[in-house]
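Here is a short report for a reader new to this structure. Look over the sequence and the model before reading on.

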Amino acid sequence: MKPLVLYYSYSGNTKQVAEKIHQEIGGDIARIETVTPYTGDYNTVVNQGKKEVDQRYHPPIQPIGVDISQYDTIVLGSPVWWYTYAPAVASFLEQNSLAGKKVYPFITDGGWIGHTIKDLQQSCPDALVQPEIDIYFRASSMATSQEELSRWIHQIS
Ligand SMILES: Cc1cc2nc3c(=O)[nH]c(=O)nc-3n(C[C@H](O)[C@H](O)[C@H](O)COP(=O)(O)O)c2cc1C
């Protein structure tokens, strides 16, 4: 069965990594998008993100365009928002069960990952959550090495 690379990305970093993973492993790629786009300057979105994370708000999301029952391996990407995964990913996980699937988490962040992985594991009960990769970006420049990313990609099965 082919894998699905599924990601949310606000400012493009997670998208960039998702596309690289997809190029290497093949299969399908899909994006989680909020119904209402985040608008305003970066700091406005950072502050809105804090409110959403604090209030555990799960924004409405658009259909992802693929049927997840067709995949038993999901490579799931999110930026870190306030020490956890992004609210749009929370919306997806609330609406979809990944039970029984192999889930490979990848996250991008500015160096403060917090409890993102623990939260993801808790939100995918009964999924077979595999070793994650945490990819550090300085603004929009990837600081984790390509070698480390490639090593992680190559163990996806
Ligand atoms: C709302 C918001 C909250 C963020 N919170 C964190 C954080 O807690 N820790 C961290 O290291 N980076 C944080 N960042 C930085 C992003 O995780 C980082 O830039 C990430 O690579 C962005 O991915 P994207 O371009 O795919 O959206 C935050 C960014 C935003 C917009």
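The model is predicted. In it, serine 9 places a polar side-chain atom 2.5 Å from an oxygen atom of the ligand.

## Around the ligand

How many residues surround the ligand? There are 20. Ser9, Ser11, Asn13, Thr14 and Trp112 are the closest.

## How H1 and H5 cross

Helix H1 spans residues 13–25, and helix H5 spans residues 146–154. Their axes come within 10 Å and cross at roughly 50°. An angle between 35 and 65 degrees counts as oblique, so H1 is oblique to H5. The crossing of H1 past H5 is right-handed.

## Where H1 and H5 meet

Which residues of H1 meet H5? They are Val17, Lys20, Ile21, Glu24 and Ile25. On the H5 side, the partners are Gln146, Leu149, Ser150, Trp152, Ile153 and His154. Sorted by class, this contact of H1 with H5 has 6 nonpolar residues, 3 polar ones and 2 charged ones.

Key. Residues are numbered from 1 along each chain as its sequence is written. This is a predicted model: local features need pLDDT of at least 70, side-chain atom pairs count only at pLDDT 80 or more; totals for chains, interfaces and linings use all residues. Side-chain values use heavy atoms; hydrogens and water are left out. Axes are lines fitted to C-alpha atoms, for helices over the stretch in contact, and angles run from 0 to 180 degrees between N-to-C directions. Helices (H or I, at least four residues) and strands (E, at least two) are DSSP runs, numbered from the N terminus. Angles under 35 degrees count as roughly parallel, over 145 as roughly antiparallel, 65 to 115 as roughly perpendicular and the rest as oblique. A crossing is left-handed if the near helix is turned anticlockwise from the far one by less than a right angle, and right-handed if clockwise. Contact means heavy atoms within 4.5 Å. Ala, Val, Leu, Ile, Met, Phe, Trp, Tyr, Cys and Pro count as nonpolar, Asp, Glu, Lys and Arg as charged, and the others, Gly among them, as polar. A residue is near a molecule or strand if one of its heavy atoms lies within 4 Å of it. A polar contact is a pair of N or O atoms within 3.5 Å; within protein, one must be able to donate a hydrogen and the other to accept it, and residues adjacent in sequence count only if both atoms are side-chain atoms.
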